[in-house]
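Thank you all for coming.

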Amino acid sequence: MIPSKQVEEQESLFRIFISCMTRRCVTFTGRARRREFWGYMLFAILFGGLLCGIVAGASSLGWIDVTDPLAGSGVIITCIVGLLALWLLLAEMAVAVRRFHDCNLPAWPVLLGMLLVLLPIPLFFTPYGGLGGPGFFVLSMLLAACALIFILGVAIIPGGKKKNKYGLAPKGE
């Protein structure tokens, strides 16, 4: 049996998500342990799925015209969902930067990776004749997959136990 002094009460994953979305939303300095990164990602994926469900439900009810989402009452839903998605993305970039810092890596690969992950989105909505055709879209999808694999790979490895140039080691790693 472990003595009660050694058992450290850990913060719940949902509290970590709320902290990342509020207090630490735009904090790009410091370090984040794996628990913070994966706790945020779990609820960000669930929340993002909920946003997609809201958009799908609103469009099936006819509240959003899929051909013109900014027409009529759909503009309100589209703007709210867009702002929430942007907020999720900003907090995700901040926690990813802090995670890279915990592994003693610079933050520029996170920015490059996010750009590569977001690049295929507008290309998906352009006609195949625009912006280089289908080959460019496939290439951008492959680059996005490589960037995502790299970011997730860094998120899996343990961070440093000692102080590095980005700050003190986070507790509980």
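Predicted model: local features only at pLDDT ≥ 70, side-chain atom pairs only at ≥ 80, totals over all residues.

How many aromatic pairs does the count come to by the rule for rings? The rule is that rings of Phe, Tyr and Trp (its six-membered ring) pair if their centres lie within 6.5 Å, where planes under 30 degrees apart count as stacked, over 60 as edge-to-face and the rest as tilted. By this rule the count is seven aromatic pairs.

Residues are numbered from 1 along each chain as its sequence is written, and side-chain values use heavy atoms, with hydrogens and water left out.

Let me begin with Phe17 and Phe43, whose ring centres are 5.9 Å apart and whose planes lie at 40°, so this pair is tilted. The two residues belong to distant parts of the chain, Phe17 to helix 1 (residues 13-21) and Phe43 to helix 2 (residues 34-60), and they are 26 residues apart. When I say helix, I mean a DSSP run of H or I with at least four residues, and the helices are numbered from the N terminus. Phe17 counts as buried because its relative accessibility is 7%, where buried means under 20% relative accessible area, exposed over 50%, and partly exposed in between (1.4 Å probe, protein chains only). Ring pairs also join Phe14, Phe17, Tyr40, Phe43 and Phe47 into a cluster.

A further aromatic pair is formed by Phe100 and Phe150, and this one is edge-to-face, with 5.9 Å from centre to centre and 65° between the planes. Because Phe100 lies in helix 3 (residues 74-102) and Phe150 in helix 6 (residues 133-156), the pair ties together parts that are 50 residues apart in sequence. Is Phe150 buried or partly exposed? At 43% relative accessibility Phe150 counts as partly exposed, whereas Phe100, with a relative accessible area of 1%, is buried.

Now to helix 2, which has 27 residues and reaches 39 Å from its first C-alpha to its last, close to the 39 Å expected at 1.5 Å a residue; the expected span is 1.5 Å times one less than the number of residues. The buried residues of helix 2 include Glu36, Phe37, Tyr40 and Leu51, and just after this helix Gly62 takes a positive phi of about 85°.

Next comes the largest nonpolar core, where a nonpolar core is a set of buried Ala, Val, Leu, Ile, Met, Phe, Trp, Tyr and Cys residues joined through side-chain atoms within 4.5 Å. This core has 25 residues, and among those that touch the most other members are Phe17, Phe37, Tyr40 and Val95. Helix 1, helix 2, helix 3, helix 4 (108-118) and helix 6 each give two or more residues to the core, and the largest share, eight residues, comes from helix 3. Leaving out residues up to four places away in sequence, Val95 touches Cys20, Ala32, Glu36, Phe37 and Tyr40, a contact being heavy atoms within 4.5 Å.

Let me turn to charge. Side chains of opposite charge can pair when their charged atoms come close. The structure holds four salt bridges, each being a side-chain nitrogen of Lys or Arg within 4 Å of a carboxyl oxygen of Asp or Glu. In one of them the side chains of Glu36 and Arg24 meet at 3.2 Å, N to O, and because Glu36 lies in helix 2 and Arg24 in the loop between helix 1 and helix 2, the pair ties together parts that are twelve residues apart in sequence. Glu36 is buried at 10% relative accessibility, while Arg24 is partly exposed at 22%, and a network of salt bridges links Arg24, Glu36 and Arg98.

Arg31 forms a salt bridge with Asp102, with the closest N and O atoms 2.9 Å apart. This pair links Arg31, in the loop between helix 1 and helix 2, to Asp102 in helix 3, 71 residues apart. Asp102 counts as buried at 0% relative accessibility, and Arg31 is buried with a relative accessible area of 6%. Asp102 also forms a salt bridge with Arg99, where the closest N and O atoms are 2.7 Å apart, and both of these residues are buried.
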